[in-house]
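Follow the charged side chains through this structure.

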Amino acid sequence: MLEIRDDRQLRSITGVSEKVLEKIEPVFAEVYEKGKEARYQKEKAAGLRKRRRGGGRKSRLDTVRSKVHFILYYLKSYPTIDVLGETFKLSRSNAYENIQKLLPIMMDTLNVLDYLPAHKFEDPKALKLALEKLDTLLVDATEREYFRPKDKALQKEHYSGKQRYHTVKNTVISTAAKQVIYLGKTFSGRNHDYAMFKEEFPPEDAWFEGIKLYADSGYQGMKTDYPKSDAELPFKKPRKSKNNPTPELSEEQKAHNKAVSQTRIFVENAICGIKRFRILVDRFRNRIDGFVDDVIVVCAGLWNAMLA
């Protein structure tokens, strides 16, 4: 287990405060025990269990806190498997197995505590129910560096011409209080931000009725596609032409853009909060199916926990 001196060091190593850790630990222990008991009963019924629970070699992660420290340290620092194993005195294979085992438990824990953002809305009614009394939402997308796939088609699909390397992207919707209330599925880097948004919220349905949406200039067309919402977008500077060799925005347009930016900055702050975890900043190395999607959901849940 990590030797933590104070709250500042805890935040630096795990990304959460002692207050949040104290909320997470008892629920994590409960979820862990329920899962362990369920596996035991399933194996026992199938005749695969040869000894009672508690038999066999004891794990070096022998306490709830050590398990929580392990998965949080991995998300915050994103070390290689060898460094992670050495830090917690585990073999390479054991460290890898614990990542796969403990991340879903952390996700279930955050779900029980109601910190996880929504990952999909079935219809506009489900969205309205989740928003409760919220009438203002901030929209943006976040992009992460991704390993270079071996398959040429996947290379092309994940290559971001803007970033000049392979990436994955997610839509993020937050409140003005920086809480992430929706985190879209993970798309390959070739997808446009607004195309992702329209796929997740098809314009033909009555999404965001009576809700004020703030987004950046990459979401041009939102006012037309979602007429029942009140979309606030910045004005784009006109293109240079023969008739307009020195295009400029009017003072009113500049004032509008400043007002939109001052409100929309909070979704940028939320994305920055999620990316306090290095696993979302360094080039993503993991090849486990679905893992690239799971980690950003967990990190968003941990960020929401810090705000609670």
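A patch takes residues with over 30% relative accessible area and no salt bridge, joining like charges within 9 Å and nonpolar side chains (Val, Leu, Ile, Met, Phe, Trp, Tyr) within 5 Å. Lys and Arg count as positive, Asp and Glu as negative, while His and the chain ends are not counted. Each charge is placed at NZ of Lys, CZ of Arg, CG of Asp or CD of Glu. Areas come from the Shrake-Rupley method with a 1.4 Å probe, and for residues only the protein chains shown count as cover.

This is a predicted model, in which local features need pLDDT of at least 70 and side-chain atom pairs count only at pLDDT 80 or more, while totals for chains, interfaces and linings use all residues. Residues are numbered from 1 along each chain as its sequence is written, and side-chain values use heavy atoms, with hydrogens and water left out.

R39 sits in helix α2 (residues 18-45). Helices (H or I, at least four residues) and strands (E, at least two) are DSSP runs, numbered from the N terminus. R39 is partly exposed, because its relative accessible area is 41%. The classes are buried under 20% relative accessible area, exposed over 50%, and partly exposed in between (1.4 Å probe, protein chains only).

Negative charge gathers too. E122, D123, E204 and D205 make up a negative surface patch. E122 belongs to the loop between α5 (92-112) and α6 (124-131). With a relative accessible area of 64%, E122 is exposed.

Now the pairs. Side chains of opposite charge can pair when their charged atoms come close. A salt bridge needs a side-chain nitrogen of Lys or Arg within 4 Å of a carboxyl oxygen of Asp or Glu. That rule gives 15 salt bridges.

Where does the K185 and E199 pair link the chain? K185 and E199 form a salt bridge at 3.2 Å, N to O. The pair links distant parts of the chain, with K185 in the loop between β4 (180-183) and β5 (187-188) and E199 in helix α8 (residues 193-200), 14 residues apart. K185 is partly exposed at 38% relative accessibility. E199 is partly exposed as well, at 46%.

E268 and R264 also pair at 3.2 Å, N to O. Both lie in helix α10 (residues 251-274), four residues apart, about one turn of the helix. E268 is partly exposed, because its relative accessibility is 31%. R264 is buried, because its relative accessible area is 14%. Elsewhere, salt bridges that share partners join E18, E25 and R65 into one network.

In another salt bridge, the closest N and O atoms of E86 and K89 are 3.4 Å apart. Both E86 and K89 are exposed.

Next, sulfur. A disulfide is a covalent bond between the sulfur atoms of two cysteines. Here it is a pair of cysteine sulfur atoms within 2.5 Å. Searching the whole structure turns up zero disulfides. C272 is in none, and the nearest cysteine sulfur, that of C299, is 13 Å away. Is C272 buried or exposed? C272 is exposed, at 55% relative accessibility. C299, likewise in no disulfide, is buried, with a relative accessible area of 0%.

Last, the whole protein. The secondary structure comprises 11 helices and seven strands. The C-alpha atoms fill a box of roughly 80 × 45 × 45 Å along the principal axes. Of the 308 residues, 44% count as buried.
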